[in-house]
Amino acid sequence: MEPQSAPLRLIMELRPEATLLRQRRRRCESTASVPQFTNSPTMIVMVGLPARGKTYISKKLTRYLNWIGVTTKVFNVGQYRRDATKTYNSFEFFRPDNSEAMKIRRACAISALKDVCEYFTRGMGQVAVFDATNTTPDRRDLIFSFAKENGYKVFFVESICDDPEIIEENIKQVKLSSPDYVDCDKEEAVEDFLKRIECYKQNYVPLDDHKDRSLSYIKIFNVGSRYLVNCVQDHIQSRIVYYLMNIHVTPRSIYLSRHGESELNLQGRIGGDSGLSQRGNKYAHALGQYMSGQNIKDLKVWTSHMKRTIQTAEALGVAYEQWKALNEIDAGVCEEMTYEAIQEHHPEEFALRDQDKYRYRYPKGESYEDLVHRLEPVIMELERQENVLVICHQAVMRCLLAYFLDKSAHELPYLKCPLHTVLKLTPVAYGCKVESIYLNIEAVNTHRERPENVEVDRDPEEALETVPDHV
Amino acid sequence: MSSKHVSLTQTPLEKTWVPWMKNRLSKRRGSSVPQFTNSPTMIVMVGLPARGKTYISKKLTRYLNWIGVTTKVFNVGQYRRDATKTYNSFEFFRPDNSEAMKIRRACAISALKDVCEYFTRGMGQVAVFDATNTTPDRRDLIFSFAKENGYKVFFVESICDDPEIIEENIKQVKLSSPDYVDCDKEEAVEDFLKRIECYKQNYVPLDDHKDRSLSYIKIFNVGSRYLVNCVQDHIQSRIVYYLMNIHVTPRSIYLSRHGESELNLQGRIGGDSGLSQRGNKYAHALGQYMSGQNIKDLKVWTSHMKRTIQTAEALGVAYEQWKALNEIDAGVCEEMTYEAIQEHHPEEFALRDQDKYRYRYPKGESYEDLVHRLEPVIMELERQENVLVICHQAVMRCLLAYFLDKSAHELPYLKCPLHTVLKLTPVAYGCKVESIYLNIEAVNTHRERPENVEVDRDPEEALETVPDHV
């Protein structure tokens, strides 16, 4: 059989009309650079007393999975409870002998499970994180049976912590600001919450070494000093375990910066491997001063393998590590071209890129989607590390930023990462605080917004209307 | 404030940017991924005999060396064999045999000395201490030794009480051990089981409470369950991830290149061409061969390049595409013949012959880069069972080097001819390889290292090993 070039080309270089043809003769599931390896939908079921970090883990894990391309959503049963009861009075609601409340709580769990089902069928979700205490075998059996009936895999994540300091810190960070305690005196809120925990403790049965030996789960002890992993079933569970074992909660900051302005930046050219311009060199030294001023013990500095990031790091006068994975997106045949030249020589490609900037792959080059996959080990190591300064490139920085700030694939390629600006990211509560520090050294703008007209038949002026100025 | 421009130069072989001045602040030069190994690390195995300690030691060592972390196994049993010359019976291992105890302790200490030597003069980064280490005393000895020398310690304990697994282990690796050469099978098994009993008497597993500040992983029943305690750093995290992904279920991995391509015929490297007529024939022959293997649930993987996809399409089954399986990027030399490379880039051509593993094409990749991009593929291959990987010459060399424990030096010269399937089946401590040529002619694409690798060599010397082409 002579393979037809059209469908193959369509599979390899993603074009919009490919979807139709792919459905007709699809032997290859995905054009993502890494196979997805998710077949059955998976439910991740959190287990643990209140203030053990379940919601923190749920949100962080969800953010990570979505970033690597696994559609994931959190279903927080506490939120269902708030919607059902309207106002929170006191811990009495959670007393195990409060049968009225028990009915409401069970109904909330079931309602959340129904939404999980909807998410998997119509929402095209791949992973659902069921965020609730799930502290009794009964409740866990309910969830497990539901999952089995529907053909979903189940992976439990149990967080066990008996360190009163950690629990108190958790309560301060995320409980006091909860909708349950708005307009509440701090001390009273803490006291009520501790009593709430006691209500759960009475009937808490952790996952059992023997009885639950055929379930798939990870038990996390004391924020990660110790893990018990049982019956990992597949690839995605293995990745989840690896991720959970690498994250930590030690306070730290991550600094993201691009290299100083480069010679090619000045000319409005993309890619290449040029050195710093005069202003870029000034920035490198300013960056060094700024980082000294931050007074960080044990700062790690990472660069790519490209001249401009290394020159920037050299000006800092400290040791740095080079990662090839931090190299700028490979623009293939468009390397070192201006946008004007791309429009002239590859107008169709230029339009396709504007249509779907995340998935668009330069001929003989890469896509943002490819970038994310190559950056995954960098993210994993960033999670392990403490204070790190990453000196990288525009597209790379957008990908890293999207991970930390939970930006969608749609927003990611348009995140603003201007030259000569440091972004300081500090984890706080369930998210990340961002501070943007412009070091006051002029540089060209390299940010091209999506133009209005993205059709292949558009005029050159329409294509080039958002190109920033350059020499 | 000095704002002088930092002057950089690119190393000729790896194309890494380094400062002109002596003051080199970057720790790692060429590797695409930072090594993150500072202190040397000792991985200390723990467990009764026939629990898979040597299997894990060897496999882990193979993996670490492949990803560029210099690792070596120190098998104390081997030291014991060298010290005692002949093995008589399990009586040697009786806990009340004080003569033997002295010898065994001396062997452990001798092995520790060699570990020290390996870390200091051998430039090793990880040493795997393969012994039973079943008593707290022995583990304390090792731990103190490590602490004194500034080595990190990570314990790997294998716990198994399934008699079927233990019996299978004994059959696979103990019966063929030097201890039981010239021994009747049944007698050997009986003696070995008694040997295990000797150890059981004093076996104290790592303790949840007493050993809570040690770094370790406990593996239960060949991986259904793991207990991980106090992972200290990057390399321990990677080791844990690897150990949690390997399995011992029998299976085979099939490696093949795409069918012969149009560019292959012309002696050109790289590119993204389609199959030649013969290449297409191979694709169909491959389909027939794989059907004949009668594998339930075979997974088929290709790269994102036309020639591997065309090959897979002829199989008529579902397949997954991995960008990581794409052929090595030859940068400015893409789609050139070796003759053209010699003509236009004679210096690059010579540098490549000098160190083919680390050499990076200008604007391209090195074999070293390839290994790093293939690591997730290897990890997933470990998780999977029966897989057929349709890839490319350099990629296949890297994968093969992993399975057959070939050094960085040998890797770029491994023979991976077109139209030949390599069937790899794990057996005992290694991998059995079967090479199946599907009897469809193809060009030879294997270029041996020439005699003269100097930059000033003549073109004929450079081109003497180039295989024939159109």
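This is a predicted model: local features need pLDDT of at least 70, side-chain atom pairs count only at pLDDT 80 or more; totals for chains, interfaces and linings use all residues.
Me: What other strand is joined to β3(A), and by how many bridges?

Reply: Strand β2 (residues 72-76) of chain A is joined to β3(A) by five bridges, again in parallel. Within β3(A), V129(A) is the bridge partner of V74(A), while A128(A) is the partner of M43(A). V127(A), V129(A) and D131(A) point one way from β3(A), A128(A) and F130(A) point the other way, and all are buried.

Me: Why is G260(A) called buried?

Reply: Its relative accessible area is 0%, and buried means under 20% (exposed is over 50%, partly exposed in between, with a 1.4 Å probe and protein chains only), so G260(A) is buried. E261(A), also at 0%, therefore counts as buried. Both G260(A) and E261(A) lie in the loop between β7 and α10 of chain A. An unreviewed UniProt entry annotates a "binding site" that includes G260(A), E261(A) and R308(A); such annotations may be inferred rather than shown by experiment. The annotated residues are spread over 51 residues of sequence, yet they cluster in space, with a largest C-alpha distance of 14.1 Å.

Me: What makes the link between the side chains of E261(A) and R279(A) a polar contact?

Reply: Their separation is 2.8 Å, and the rule asks for N or O atoms within 3.5 Å, one able to donate a hydrogen and the other to accept it (residues adjacent in sequence count only if both atoms are side-chain atoms).

Me: Why is K364(A) said to form a salt bridge with E335(B)?

Reply: The closest N and O atoms are 3.4 Å apart, and a side-chain nitrogen of Lys or Arg within 4 Å of a carboxyl oxygen of Asp or Glu qualifies. Five salt bridges are found across the interface of chain A and chain B. On the side of chain A that touches chain B, α9(A) gives the most, with seven residues.

Key:
Residues are numbered from 1 along each chain as its sequence is written. Chains are lettered from A and ligands numbered from 1 in the order in which they are written. Side-chain values use heavy atoms; hydrogens and water are left out. Helices (H or I, at least four residues) and strands (E, at least two) are DSSP runs, numbered from the N terminus. Two strands pair if DSSP finds at least two bridges between them.
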